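Q: Please take a close look at the surroundings of the ligand in this model. Describe what lines it, and then how the neighbouring elements are arranged.

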Amino acid sequence: MIEVRHLQKTFRVRQGGLLRGTFSVREAVRDVSFQVGAGEIVGYLGPNGAGKSTTIKVLTGLLVPDGGHVRVGGLIPWRERRKHVARLGAVFGQRTTLWWDLPVRDSLDLLRHVYRVPEGRFRENLQTFTDLLDLGPFLGTPARALSLGQRMRADLAAALLHDPELLFLDEPTVGLDVVAKERIREFVRHINAKRGVTVLLTTHDLGDVQRLAQRVMIIDQGSLLYDGDLARLQARYGSARELVVDFETPQQQAQVPGLELLEVTGLRARYAFTGGAAVPIARVTAHAPVRDITVREPDIEATIRRIYEGGLLRGVLNEEHASGIPAVPAT
Ligand SMILES: Nc1ncnc2c1ncn2[C@@H]1O[C@H](COP(=O)(O)OP(=O)(O)OP(=O)(O)O)[C@@H](O)[C@H]1O
């Protein structure tokens, strides 16, 4: 569905005044390659300024890259825009595609004309989305008067009315409460499972990724650092699991062979370990009488933060992909 090879995009940024200013070149995307198959949900992650939006803008045809090969559903997005746009939907958490002063129903009806959706299909889709997203109570409300969660639901319906094969979701749950987030995620899962819509999801919310994506790609400073499943990322780069032990009595000597002692506070000691918990638990209980033991799993937020901060993955993928291949003109 999406094929990207050696994508490059630079921006010329003016520095200094209008007359005497000079230009510097900012490499937003350096050499990114990936493929997304039909029916996948892929999370596209990276810290601020990593190059996510630039990639998405190229994929939607809004930007022309400086180099690389890009095909979406067999089309070159920026050359065959009309055909391309008819096959994709996009939701940007920070913006709306709805007309600000029009009731939601009228916005959707206008989009029906823009995308030339047959009347019967439009009604069918509107009914389905109204049921799934509970649009009923606010179909008559103008976009400017909607809550953020309602607006997002209406935007999702707007993006999918013309039965696109591919959906770009940019921060679809930003600013929403837990229940509203869950509703959006549930809907995305549904359209992926039932309609086979391919989803590329850009988000800073790892809950979205954990609940939706089988696969994640991580970009930083314009280069792809990781492409694979979340579990493997966690297993490889996550911090160790922790054993939190409450002893019956204060321990003068809390060291236990084979475990890394992290901290002792009062009766409680924390140990780091990798692999299964059975052996570490047996060792601790053999060491001294224990009142309680819990296993604390490393959380994915912490793993991703470590990756961003420590540049943990830098070079891992580059070695596989870039390998000195010269830049090619955009095709
Ligand atoms: N139109 C532009 N002109 C100049 N520089 C740009 C332009 N668009 C993006 N950039 C720069 O390119 C780099 C990548 O930006 P991009 O918006 O793709 O990042 P991002 O990963 O989407 O970040 P965020 O999570 O903050 O949205 C940044 O350094 C940004 O300042």
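A: As a whole, this predicted model is a chain with 11 helices and 13 strands. Its C-alpha trace spans about 75 × 55 × 40 Å along the principal axes. Of the 331 residues in the chain, 33% are buried. Among contacts between residues at least 6 apart in sequence, 70% join residues at least 24 apart.

Turning to the ligand, the residues that surround it are F11, V13, R26, A28, G46, N48, G49, A50, G51, K52, S53 and T54. Sorted by class, this shell holds 6 polar, 4 nonpolar and 2 charged residues. Three elements supply at least two residues each: strand β1 (2-15), strand β2 (22-36) and helix α1 (52-60). The largest share comes from α1, with 3 residues.

These elements also belong together in the fold. Strands β1 and β2 are part of an open sheet of 3 strands, ordered β2-β1-β4, with antiparallel pairing. At its edges lie β2 and β4 (67-72), each of which pairs on one side only. From one strand to the next the twist averages 30 degrees. Strands of a sheet pair through backbone hydrogen bonds, in either a parallel or an antiparallel manner. Here β1 and β4 run antiparallel and are joined by 5 bridges; in one of the pairs, Q8 has G67 of β4 as its bridge partner. Helix α1 packs on this sheet and touches β1, β2 and β4. The direction of α1 makes about 115 degrees with that of β1.

Apart from its neighbours within four places in sequence, V216 is in contact with G43, L45, V209, Y226, L230 and L233.

Conventions
Residues numbered from 1 in each chain as written. Predicted model: local features only at pLDDT ≥ 70, side-chain atom pairs only at ≥ 80, totals over all residues. Contact = placed C-beta atoms within 7 Å. Helix = DSSP H or I, 4+ residues; strand = E, 2+ residues; numbered from the N terminus. Buried ≥ 20, exposed ≤ 12 C-beta atoms within 10 Å, placed from the backbone. Near = placed C-beta within 6 Å. Nonpolar A, V, L, I, M, F, W, Y, C, P; charged D, E, K, R; others polar. Pairing = 2+ DSSP bridges. Axes fitted to C-alpha atoms, helices over the stretch in contact; angles between N-to-C directions.
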